[in-house]
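Here are some friendly notes to read alongside the model.

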Amino acid sequence: MATPPPGYGAGPYGPYPPQQGPYPRQAGPYAPQPGPYAQQPGYPPPPGPYAPQPAYAVPPQQAGGGCRVCGCLPAAPATVRGHQGLLVVMRFLSLPGPFCRDCGTATYRRMSSDTLWQGWWGPLSLFITPFTLLLNLGPRAAFRRLAEPAGGFRPPLDPGKPLWRRPPALLVLVPVLLVVLGIPALVVTGLLLREAAPPVLAVGQCVRNAGDWKDQDLVVTDCGSARAELRVSKRLTAGEHCAAGDYLSDPKYGGGDGWTVNCLTPLR
Ligand SMILES: [Zn+2]
């Protein structure tokens, strides 16, 4: 590596011919490399270090041994849980480890997936199911941290599809959708109802009746408008009467107590 710099320095820009010089030199550096590569043939030695790995036979010494399903190592002593709601009865399922990475992940996915559709069917289960699913996140994380399983008496389980790509995962969307869609629905309903609330009439305002007289739908209208039909002429109090020819507004337009009635005088 020290050889190239001299080449660059020397070839300040009269360069190109000189470069030819460096190239031959490179041949030099490459020549040495065969040295290290020669060592690689010594790759047989690595088998040496790998040979100690047969010390993998040692792991069984790790307390508890390997995966309960396949015997592989490494394995984590985590417990995967499930829940079944059966209207009145409910079942708490648990499968203690140790699990290797793949068997643990497979077990986590299967039990969580089952819980997603079997878990909700009971009043208490509604609350226990999300709790169970959350509890499983701990073991899931533990399995993920494990190295690739090896050395078992049978192949590890196939972890299969991620939980969120299994159909039961859609069921978790039901409560989510209820909340996500339910709140806006309540707000919109509230706004519509408020908009539909009858206006409280004030003396001097003009209205038109978009309904009939038994089921009034009074709409406040500009008095100068051709559509205005009636003027609110008086707010009736006990013992008073409207002028002859007046209409009475429905109490729902009186506001507050629901008893106040207005006199409506035809404009023409
Ligand atoms: Zn396993």
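1. Let me begin with Pro74, which sits in the loop between α5 (47-50) and β1 (75-76); helices here are DSSP runs of H or I with at least four residues, strands are runs of E with at least two, and both are numbered from the N terminus. The peptide bond that joins Leu73 to Pro74 is cis, with omega near -5°.

2. A word on the ground rules: this is a predicted model, in which local features need pLDDT of at least 70 and side-chain atom pairs count only at pLDDT 80 or more, while totals for chains, interfaces and linings use all residues. Residues are numbered from 1 along each chain as its sequence is written, and side-chain values use heavy atoms, with hydrogens and water left out.

3. Pro98 is located in the loop between β3 (89-95) and β4. Another backbone detail to look at is Leu87, which has a positive phi of about 60° although it is not a glycine. Leu87 belongs to the loop between β2 (80-86) and β3, and its relative accessibility of 64% makes it exposed (buried is under 20% relative accessible area, exposed over 50%, and partly exposed in between, with a 1.4 Å probe and protein chains only).

4. For the overall picture, the protein chain has 9 helices and 9 strands. Of its 268 residues, 28% are buried. Contact here means heavy atoms within 4.5 Å. Among contacts between residues at least 6 apart in sequence, 61% join residues at least 24 apart.

5. How many aromatic pairs are there? The count is 2, where rings of Phe, Tyr and Trp (its six-membered ring) pair if their centres lie within 6.5 Å, and planes under 30 degrees apart count as stacked, over 60 as edge-to-face and the rest as tilted. Phe99 and Phe143 are both buried.

6. Trp213 and Tyr247 make a stacked aromatic pair, 4.5 Å centre to centre with 5° between the planes. This pair too links distant parts of the chain, 34 residues apart: Trp213 comes from the loop between β5 (206-209) and β6 (218-221), and Tyr247 from strand β8 (residues 247-248). Trp213 is partly exposed at a relative accessible area of 35%, and Tyr247 is partly exposed at 36%.

7. From the record: UniProt, in an unreviewed entry, places the feature "transmembrane region" at residues 120-137 and 170-193. UniProt positions are given in the numbering used here, feature names are shortened, and annotations may be inferred rather than shown by experiment. In the model, residues 120-137 are 67% helix and 0% strand, with the end C-alpha atoms 19 Å apart.

8. The axes of helix α7 (residues 125-135) and α8 come within 4 Å and cross at roughly 20°; axes are lines fitted to C-alpha atoms, for helices over the stretch in contact, and angles run from 0 to 180 degrees between N-to-C directions. That makes α7 roughly parallel to α8 (angles under 35 degrees count as roughly parallel, over 145 as roughly antiparallel, 65 to 115 as roughly perpendicular and the rest as oblique). Leu133, Leu134 and Leu135 of α7 meet Leu137, Gly138 and Pro139 of α8.

9. Ser112 lies in helix α6 (residues 101-118) and is buried, with a relative accessible area of 1%. Leaving out residues up to four places away in sequence, Ser112 touches Leu133, Asn136 and Leu163. Asp102 is in helix α6 as well, and at 17% relative accessibility it counts as buried. Beyond its neighbours within four places in sequence, Asp102 contacts Pro149, Pro156, Leu157 and Pro159.

10. Lastly, please look at Gly152, in the loop between α8 and α9 (173-196). Gly152 is partly exposed, at 34% relative accessibility. Not counting residues up to four places away in sequence, Gly152 touches Cys70, Gly71 and Cys72. Gly152 and Arg68 are 84 residues apart in sequence, and their C-alpha atoms are 9.8 Å apart in space.
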